[in-house]
Amino acid sequence: MEMLSLLPPGMVMILGACLVPLLPRHTQGWFALVLAMLSAGHLLLCFEDGDTLNYAIMGLELQPIRVDRLSLIFGYVFHIAAVMSTLYALYAKKSIEHVMGVAYAGAAVGAAFSGDLISLFIFWELTALTSVFLIWAADTEDALHCGVRYLVIQVASGVILLAGTLMHYNQTGSLAFVNFYEQGLTNATTIILWAIAIKAAFPFLHNWLQDAYPKATFSGTVFLSAFTTKLAIYALARGYAGFELLIPIGCVMTAFPIFFAVIENDLRKVLAYSLNNQLGFMVVGIGIGTALAIDGACAHAFAHIIYKGLLFMAMGAVLFRVGTTKATELGGLYRTMPLTTLFCIIGAMSISAFPLLSGFAAKSLIASAAGINHYAIVTFVLLFASAGVMEHSGIKIPFFAFFAHDSGKRPKEAPWNMLAAMAIAATLCIGIGVYPEALYQLLPNYAFDASTGGTYNAYDVTHVVMQLQLLLFAALAFGVLVRMGAYPSEERAVNLDFDWVYRKLIPKTLVGSYHLMSEIGTLAMRPIQTRIQSARQYFTGIMNPRSGVFGRDAMSSDAALWSAILLAVYLFIYYI
């Protein structure tokens, strides 16, 4: 057991993934599932709050293992996600999905327990290098190009993290991953924040998420939804808790994806925008920085990984059976996929924060922290965003996928392993909602509510009534808009987001500017070229051997005359 405690959490999955390709194809999925379970056991049996592992290498003080309550809450939920995802992908046909899926999960776990920036960087980059294969495994041209863009952005995040780390070490001599905001932000730690911002999909840095996730395989998207962005949330909570600039950033993140999700036709892309929206709640909690707000961000990340994974699993099952998740091509699937429909509804109700489901138990902590600290505008934005979540994920996803109209498709129910993974997620959604104290006891600050001096009570009458009113209003607004024909119709279209600026506008602007400058240069040089041509013709003429003044043969008398003239000019200048 002592030897196992020297192995960082998550390494069981990373090392075990190397063995997956050596196994027969039909056993690879099972082995990946066993690895996820063994890794969970390794964490539970070998580590407890306060454990560390330190060593020096080439003069650097590293801490590859640092166990505290913040890392544990993320370690627990990452392992839950790993078990659900590997079970869901049990019969995926390609070995690369099993290998990279379980290695990706292990890298995220390892990063959550890294106590120094170098260890964090190694696992940070490993998540990028492993996750991209879950996109490429789709074997489409879109997935190939999208995966390249995704890899460039994720690797760039790691390079920026390393640059900030080296600058920080040069300035302080320390590699410890601590709360940099409390120590005072520097240029180095601001650069590190930029690296995290990319992975957290901050506004204008977010498009890789909506670009990549819908292009992955039906099981790859489930893995992707759980780890990369939540690892960034962990890093923000660790390094920048209390940094108030994160509050307006988080507010923007909660609000703008709603408008894109409403008009989006691809339901997996709707969920990608919804994921961006949910990250905003967590960023707001981290920016507020109080004990209750940090607990709210962690609780929301925990619940979100589960219910968002459930929704992506439901849409993945639809993709697996039907071959599409476009709303215009779906509808009526509840007839032959009743269990998938049921699980999707549970996930939709959870993300909408219905009482007695996990979203309500988690999200209300952040809203309460904002209210307690008198962030009135922030509270209003969070309420608006919550109503939007109800509309685009709580109603739109199950409505258009399973009920909106009869597409005529009659697919089989999802395979048993997919249903089992969805059942685990749905059970957790209900269990956390009914008994939130089980989650609260795992949080870094035990969900301590300073306003009451005790553990936070999610089921306060005010909270419940206000949330029910909000949900009923959102549902009513959706129904009225649909009835009036004012709700945006589902159309086959490409909706432009900010990535259009750097993928289309900037390249076209640069090319256009080049051609414009070339034309301007041509016009500006034309008079000069004309004069040069005239001069060339003139000198060519006078030097012509037949007709030119200086080109034809001269008589000896002419030479004598010119000699006399030059001598006279010389004498005149000399005597003057």
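This report walks through a few spots in the structure above.

## About the model

What you're looking at is a predicted model, where local features need pLDDT of at least 70, side-chain atom pairs count only at pLDDT 80 or more, and totals for chains, interfaces and linings use all residues. Residues are numbered from 1 along each chain as its sequence is written, and side-chain values use heavy atoms, with hydrogens and water left out.

## A hairpin

Let's start with strands β1 (residues 52-57) and β2, which run antiparallel and are joined by five bridges. Strands here are DSSP runs of E with at least two residues, helices are runs of H or I with at least four, and both are numbered from the N terminus. Two strands pair if DSSP finds at least two bridges between them.

One of these links has Y55 partnered with L62 in β2. Together the strands make a hairpin with two residues between them, and M58 in the turn has a positive phi of about 50°. Strand β2 (residues 60-66) is mostly covered, with five of its seven residues buried (buried is under 20% relative accessible area, exposed over 50%, partly exposed in between; 1.4 Å probe, protein chains only).

## A201, tucked away

A201 sits in the loop between α8 (187-199) and α9 (207-212). Is A201 buried or exposed? A201 counts as buried because its relative accessibility is 0%.

Leaving out residues up to four places away in sequence, A201 touches H206, W208, L209, M253, N276 and L279 (a contact means heavy atoms within 4.5 Å).

## F572, out in the open

F572 belongs to helix α21 (residues 556-575). With 56% relative accessibility, F572 counts as exposed.
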